[in-house]
Amino acid sequence: MGAEASGSGPALRELLREAETSLLECKVCFERFGHRQQRRPRNLSCGHVVCLACVAALAHPRTLALECPFCRRACRGCDTSDCLPVLHLLELLGSALRPGPAAPRAAPAAPGVLTCQHAFGGWGTLVNPTGLALCPKTGRVVVVHDGKRRVKVFDSGGGCAHQFGEKGDAAQDLRYPLDVTVTNDCHVVVTDAGDRSLKVFDFFGQIKLVLGGHFCLPWGVETTPQNGVLVTDADAGSLHLLEVDFPEGILRRTERLQAHLRRPRGVAVSWLTGAIAVLEHPLGPGACSSTMVKVFSATMQLIGQVDSFGLSLFFPSKITASAVAFDHQGNVVVADTSSPAVLCLGKPEEFPVLKPIITHGLSHPVALTFTKESSLLVLDSAAHSVKVYKADWG
């Protein structure tokens, strides 16, 4: 009985920490709710909760009209009200969330588990983001989203460095960007579903190349170690490799690597082994939320695959993979929008060795990328933000 009671302490503290992150934090500015005026939790008419400071920032200064940053339902700032359940929860958990002077230090995270260090973006800075990439030379983070300028570049601290890619119908404009990658020589490559093209910019936003008419629906895009560009075509069911002279803006060669994929979207390449992972979203009865991860060797031999059903045998809930990446050890990592979570599937030859590495703090993860320092960047579209998790592989 005594041992059981002593073990409940760390578990309770962990539960309280999760409650603080998921319930007591404004999902727009990521500040903790409080009783002070600017941090008071406010109910919007749709039921979502944000702090009073964010209500004031989102509302029109004269009409007080605003849209919910999560569901877009219209309301007015003067029609919001205090969220009493959150205020009561703050009172109930206040003392428990503040460790006493003699409280023991929390145990470090288990090896392989990632902990969130900080987040940047937020509603207004990013609007419904869909793609994420890292510049290999500068370490800057590139995100495509639904804003007026659709490519946003952040510095390593999360500040906006610059933005480009006007919303519009001209050939060089971006209509509906889906994914982005940054080449080894710092060119930005975007898949645009609006006109079914691939668009290449230099790192300052000058258009270099527009590839229209080559794809039915270009979706995922990734850079290879040799500075080639991998592109999935969701409607054609194919995977392509493009060789481009980026400074000159000339397409040198295209090669179709796979032709019988089922609605492929996300794509990733391992810089350790050259393996290529493709995320499929097959159609058909019962397949509306099914996904499959296929991994090919550098010579395009299938070396591993697993689908949602196979993963469900190892995980207690349904898994819907929305993004795929390789870590620096060659393990396949996927984002799951059903849990939501981030899961490590192990090496392709050992599929699946499923290990959750992020299990809370996410709303709708849609893109992943690892930094050179083994931090994991997760693009959370529902929170309109990039969340930075520190890898502790132990």
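Predicted model: local features only at pLDDT ≥ 70, side-chain atom pairs only at ≥ 80, totals over all residues.
Residues are numbered from 1 along each chain as its sequence is written, and side-chain values use heavy atoms, with hydrogens and water left out.

Strands here are DSSP runs of E with at least two residues, and helices are runs of H or I with at least four, both numbered from the N terminus; two strands pair if DSSP finds at least two bridges between them. Strand 6 is joined to strand 29 (residues 385-390) by 6 bridges in the antiparallel sense, with T115 opposite K390 in strand 29.

Elsewhere, strand 13 (residues 197-201) and strand 14 (residues 207-212) run antiparallel and share 5 bridges, and L198 stands opposite L211 in strand 14. Their hairpin has 5 residues between the strands, and G205 takes a positive phi near 100 degrees.

A nonpolar core is a set of buried Ala, Val, Leu, Ile, Met, Phe, Trp, Tyr and Cys residues joined through side-chain atoms within 4.5 Å, where buried means under 20% relative accessible area with a 1.4 Å probe, protein chains only. The largest such core has 20 residues, of which C26, L44 and V50 touch the most other members; strand 2 (49-51), helix 2 (52-58) and helix 3 (84-97) are the elements that give two or more residues to this core. A second, separate core of 19 residues includes A275, V295, L311 and V324.

Key. Buried < 20%, exposed > 50% of the residue type's maximum accessible area, 1.4 Å probe, protein only.
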